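Here are some notes for a colleague who is opening this structure without having seen it before.

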Amino acid sequence: MQTIPASTRVLSNQPRSIRMFGSGSQVASGPAGIALRRAAVIVDSRSRRGIRGRVVTRAAQRPEPPRAFSTDLSDNRNLESLMEREAQPAVQTEADLKQKQADARANQPDNNFPVTTGQLIGSTPLLDLSQYSLNEKVKIFAKCEYLNPSGSIKDRIAQHIIGQAEASGELKPGMTVVAATSGNTGAAIAMACALRGYDYIVITNEKTSKEKVDAMRAYGGEVIVSPSGVAPDHPEHYQNIEDRLCAENPGTYYGVDQYNNPYNAEAYEATLGPEIWRQTSGDVTHFVAGGSTGGTVSGTGRYLKSENADVRVVMADPKGSVFWDHVVKGVPADDVCVSKSWEMEGVGKDSIPGCFDINVIDGMVRGNDEDAFAMCREVAANNGLLLGGSAGLNLHAARVLSGEVDDGSVIVTVFPDNGVKYLSKIYNDSWLVSKGLEGAAEGNGAASPDVDEREHESRIHWKPEIVTRQEQTAAAAASAAAAVEGHHLLTEEQTEAELRFLEDIAPKLVRYHRESIGGAERVHSRLQSPDDLADTFAAAGVPLDLADGAPVDELALDAAVQAVMDNSVRSSHPLFLNQLYSGVDPVALAGDWLASALNANVHTFEVAPVLTEIEKAVLAKTARMWLQPLGSQAQTPPHDGLIVPGGSLANMYSLLLARDRVDPDARNRGTSMELVAFCSEQSHYSFRKSAMVMGIGMDNMVKVKCDADGAMIAEELEKEVLAAKERGAVPFYVGTTAGSTVLGAFDDYHGCADVCKRHGLWMHVDGAWGGAAALSPARRGVLDGFEKADSFCWNPHKMLGLPLQCSIFVTKQPGSLAKANAAKADYLFQPDKNNAGADLGDRTIQCGRKADALKIWLSWKHRGDKGWSDMVDRSFGLAEEVERMILERENRDGSFVLAAHAQCANVGFWYVPPRLRPFKHAGASANQLTEIGFVAPKLKDRMQREGDAMIGFQPIDSMNLPNFFRLVLPNSRHLSKQMLSDMLDRMDEMGKNL
């Protein structure tokens with residue numbers, strides 16, 4: 001055999017022969033394995049039938065060997081699910097997916113027809129070796145990967161890596177494939193190259209058996225044998241030789257780089273993992289495999305965990321290999337080093353490869369050469385199977401694991417290759433003796449009752465967070481038993497500490513509100529991404545995630561509260577003008593705190609008597625506000641209503657009542673009609689969402705054209721109603737708006753009411769934003785005609801500044817809510833209990849409801865009608881002042897241009913940087929409109945980073961309005977004309993160079 005010095009440059013035109021570099025080995029020893037006498041079964045992946053063969057003494061006559069059944073790869077769904085995950089960045093395109101599906105289909109053998117060599121890869125049977133389990137209630141199965149055509153599991157990655165290299169263009173016809181290998185990958189690459197017509201060079205080391213070296217050479221390529229035991233960074237290390245050859249022959253050599261190639265683990269994730277899942281019918285609980293590249297354990301484990309996150313992945317590792325130190329001791333990948341040599345081939349490593357995913361590993365088992373080889377000899381004697389050393393190690397690890405897991409567990413391992421490759425080693429007594437492994441030779445099938453694997457030095461090392469189900473169950477039972485002891489769950493000291501925490505927090509919250517309304521603090525603490533926020537909270541000692549579930553003390557809670565306040569947007573700041581809510585009414589906040597302290601559910605009178613009556617009082621006040629002139633002393637008009645969690649739900653309640661009127665049986669059988677509803681094109685999106693949730697369909701919530709102010713045109717509404725009738729649909733509902741979200745528009749209620757009356761339609765007014773105008777004698781006129789509607793809603797948490805949420809829905813029809821929504825839950829709404837008629841709960845589509853009425857009731861008591869009227873007048877008036885300021889600046893220097901005049905408490909405008917001045921919307925070119933549309937997002941970003949005012953922006957495509965600032969003025973009690981003027985000046989200063 002030719003020996004070539006390590007310094008010699010290896011050229012592609014050298015003779016195809018075996019190149020030997022150096023020699024040398026060390027001896028390892030350990031205790032002998034164990035022989036058991038039970039039966040082996042081969043599992044058919046489709047039927048899960050077993051064919052059992054008895055294990056007898058070597059002197060007795062052997063039964064016929066069991067037959068094996070192939071797996072069925074007709075289902076490629078596993079491959080599609082793999083491609084959909086982002087865990088493997090090497091696979092990202094649809095073309096990649098189609099290529100892999102084609103590869104998988106090409107690899108599906110049909111036993112009824114001739115097949116190709118490539119189709120023999122995969123679909124290996126699952127062997128039942130539960131006879132080796134230390135617990136008769138724990139199964140051990142093994143994938144017979146030695147049945148792949150080149151004799152090992154590595155055929156899977158060879159085919160996949162070569163195929164992907166061809167598809168990506170990295171490997172072209174005429175190139176030479178180069179692979180560093182401990183043996184099996186070399187033969188697999190050699191076979192793949194023979195099938196595809198490539199020359200190949202494989203580099204292995206002296207530890208590789210003669211049989212494997214001969215197999216690599218047999219396919220017609222070159223084999224280089226390098227020294228074993230050299231450091232990973234040594235130039236004679238077999239991986240470095242691959243790198244050197246490829247670097248010296250760019251464009252003509254393709255390096256497989258199996259240790260770092262992402263297609264390695266992907267091959268197992270796409271094939272071996274799904275096969276195991278199917279063959280065990282999803283019953284696999286533990287997967288055991290050794291690692292050299294790390295691809296098998298990482299890829300297969302990743303797939304199995306994607307199917308069931310509770311599957312545990314256990315890695316078998318030879319003593320001396322660096323995986324143990326990396327996983328168990330936490331030694332960084334760059335710092336690991338081999339502690340001793342080992343004789344097993346194809347398992348263990350002297351460095352951490354890029355394919356290895358430590359996050360997949362749950363536990364480790366360490367075994368020595370004697371453990372592995374004795375197991376190989378034992379299986380040969382008992383089961384008539386010749387296994388390779390890595391298979392022996394895997395079965396040894398599975399046996400150790402079987403003694404520690406719960407009854408009913410199903411352990412699956414792999415047999416990467418067979419013993420024919422190691423006849424000169426594992427199955428040669430003289431070689432074992434020469435290596436000091438005499439004990440392995442005794443693993444000959446003889447019973448060894450004096451050896452107990454449970455007492456063997458091998459142990460499962462679990463990650464700290466992994467415990468067995470038995471331990472979990474025992475701990476949970478003990479905790480549950482302790483929880484019912486004593487007079488209280490918490491001690492008096494714990495309870496008192498929590499109450500002190502509550503007392504300490506209240507002043508901090510008041511101080512936070514005082515600082516917010518003062519306006520001196522930033523509106524936005526600082527602009528942070530989700531990742532930034534996670535880092536901020538981690539640095540404060542209160543991570544955002546709840547992963548560890550560990551309790552913290554009151555000091556940590558205080559830090560958490562402070563961190564939330566410090567990193568939140570101050571919505572009570574006078575210049576928080578971003579949404580249709582702002583600030584907090586202090587008296588209403590007290591009502592919110594009181595409601596939380598009472599913690600009462602407003603579903604029945606018996607558990608919330610006062611809060612139930614308070615809600616009724618608020619509903620009656622709203623009905624008068626809607627249906628009677630201000631100051632009227634008339635009796636409260638008939639009505640029905642609810643305090644609901646948000647204006648969106650209020651709108652849906654109106655749709656439910658409308659549907660119940662036109663199709664009352666729909667609540668039981670579902671609607672059989674094609675119902676059609678209508679809303680303005682400027683209405684809130686909750687109308688369409690409600691149609692979606694109720695099964696009406698968003699297409700059947702027809703958007704009606706609006707005028708230049710954004711108000712629904714009654715004539716256009718009637719056209720749409722007639723068109724719906726003409727196509728056989730059933731119009732039943734019209735949702736009008738009082739104060740649209742963007743423009744603040746008020747619809748033509750008289751005109752819409754006339755259309756509804758002519759066609760028998762339910763009319764609703766969504767006054768979530770602008771409905772508060774009904775409180776002001778000066779502004780109520782914008783709602784003229786809204787009293788003609790069938791239902792009305794408004795949100796005091798918007799213009800009046802009550803704490804979120806406070807939304808009110810009322811209708812003219814008493815009893816209509818219970819008729820449409822009641823389910824008569826007999827554990828709540830018993831007709832024979834006290835005050836049964838006072839319950840509100842069966843009117844709702846919910847069960848539990850918070851006492852939101854307490855907030856507005858308490859605040860209304862304090863402020864009276866005049867207080868609310870002043871709030872509305874201030875918001876409307878300030879919007880008109882901003883419009884005047886914008887027009888003044890537009891005429892002075894063109895720095896601001898009005899986009900939408902003041903309606904409700906809304907005003908829209910563009911800021912115009914000097915380079916775009918003058919800008920006139922009327923007659924603006926497409927380029928000018930595009931340019932102005934970029935300004936608002938950029939200027940808002942600058943304002944947020946400075947902690948200045950927060951103002952929303954919005955385009956309206958139907959009106960050809962590119963992004964403009966939508967200034968809204970809810971709860972303007974702490975906002976002044978001067979503050980708004982100064983804000984516009986700062987916007988001009990910040991935006992001049994945009």
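1. Buried, as the word is used in this note, means under 20% relative accessible area. By that cut-off, 55% of the 994 residues of the chain count as buried. Please keep in mind that this is a predicted model. The secondary structure of the chain comes to 30 helices and 27 strands, and among contacts between residues at least 6 apart in sequence, 73% join residues at least 24 apart.

2. Two packed helices are described by the angle between their axes and the distance between the axes. Helix H24, residues 714-726, packs against helix H25, residues 749-759, at an angle of about 25°, and the two axes are 8 Å apart. Angles under 35 degrees count as roughly parallel, so H24 is described as roughly parallel to H25. The crossing of these two helices, H24 and H25, is right-handed. On the H24 side the contact is made by Ala714, Leu717, Glu718, Val721, Leu722 and Lys725, and on the H25 side by Gly751, Cys752, Val755, Arg758 and His759. Sorted by kind, the residues of this contact of H24 with H25 are 6 nonpolar, 2 polar and 3 charged.

3. For helix H7 (residues 262-270) and helix H9 (residues 295-307), the axes come within 7 Å and cross at roughly 45°, which makes H7 oblique to H9. The crossing of H7 and H9 is right-handed. Asn264, Ala265, Tyr268 and Glu269 of H7 meet a set of H9 residues made up of Gly295, Thr296, Gly299, Thr300, Arg302 and Tyr303. The contact of H7 with H9 divides into 3 nonpolar, 5 polar and 2 charged residues.

4. Helix H11 (residues 369-383) and helix H12 (residues 389-402) have axes that come within 7 Å and cross at roughly 95°, so H11 is roughly perpendicular to H12. Among the residues making the contact are Phe373, Met375 and Val379 of H11, together with Leu393, Leu395 and Arg399 of H12. The residues of the contact of H11 with H12 divide into 7 nonpolar, 3 polar and 3 charged.

5. How many disulfides does the structure hold? The structure holds 0 disulfides. Cysteine 756 is in no disulfide, and the nearest cysteine sulfur, that of cysteine 752, lies 6.6 Å away. With a relative accessibility of 4%, cysteine 756 counts as buried, and cysteine 793, at a relative accessible area of 0%, is buried as well.

6. Some backbone details deserve a look. Most residues other than glycine have a negative phi, and most peptide bonds are trans. Leucine 804 and glutamine 805 are joined by a cis peptide bond with omega of about -10°, and glutamine 805 lies in the loop between helix H26 (796-799) and strand S23 (807-811). The peptide bond from arginine 917 to proline 918 is cis, with omega near -10°, and proline 918 is found in the loop between strand S25 (906-911) and helix H29 (926-946).

7. Serine 281, although not a glycine, has a positive phi of about 55°; this serine 281 sits in the loop between helix H8 (272-279) and strand S11 (286-290) and is partly exposed, with a relative accessible area of 45%. Cysteine 904, also not a glycine, has a positive phi of about 50°. Cysteine 904 is in the loop between strand S24 (896-903) and S25, and at 5% relative accessibility cysteine 904 counts as buried.

Conventions:
Residues numbered from 1 in each chain as written. Predicted model: local features only at pLDDT ≥ 70, side-chain atom pairs only at ≥ 80, totals over all residues. Heavy atoms only, no water. Axes fitted to C-alpha atoms, helices over the stretch in contact; angles between N-to-C directions. Helix = DSSP H or I, 4+ residues; strand = E, 2+ residues; numbered from the N terminus. Parallel < 35°, antiparallel > 145°, perpendicular 65-115°, else oblique. Left-handed = near helix turned anticlockwise from the far one by under 90°. Contact = heavy atoms within 4.5 Å. Nonpolar A, V, L, I, M, F, W, Y, C, P; charged D, E, K, R; others polar. Disulfide = S-S within 2.5 Å. Buried < 20%, exposed > 50% of the residue type's maximum accessible area, 1.4 Å probe, protein only.
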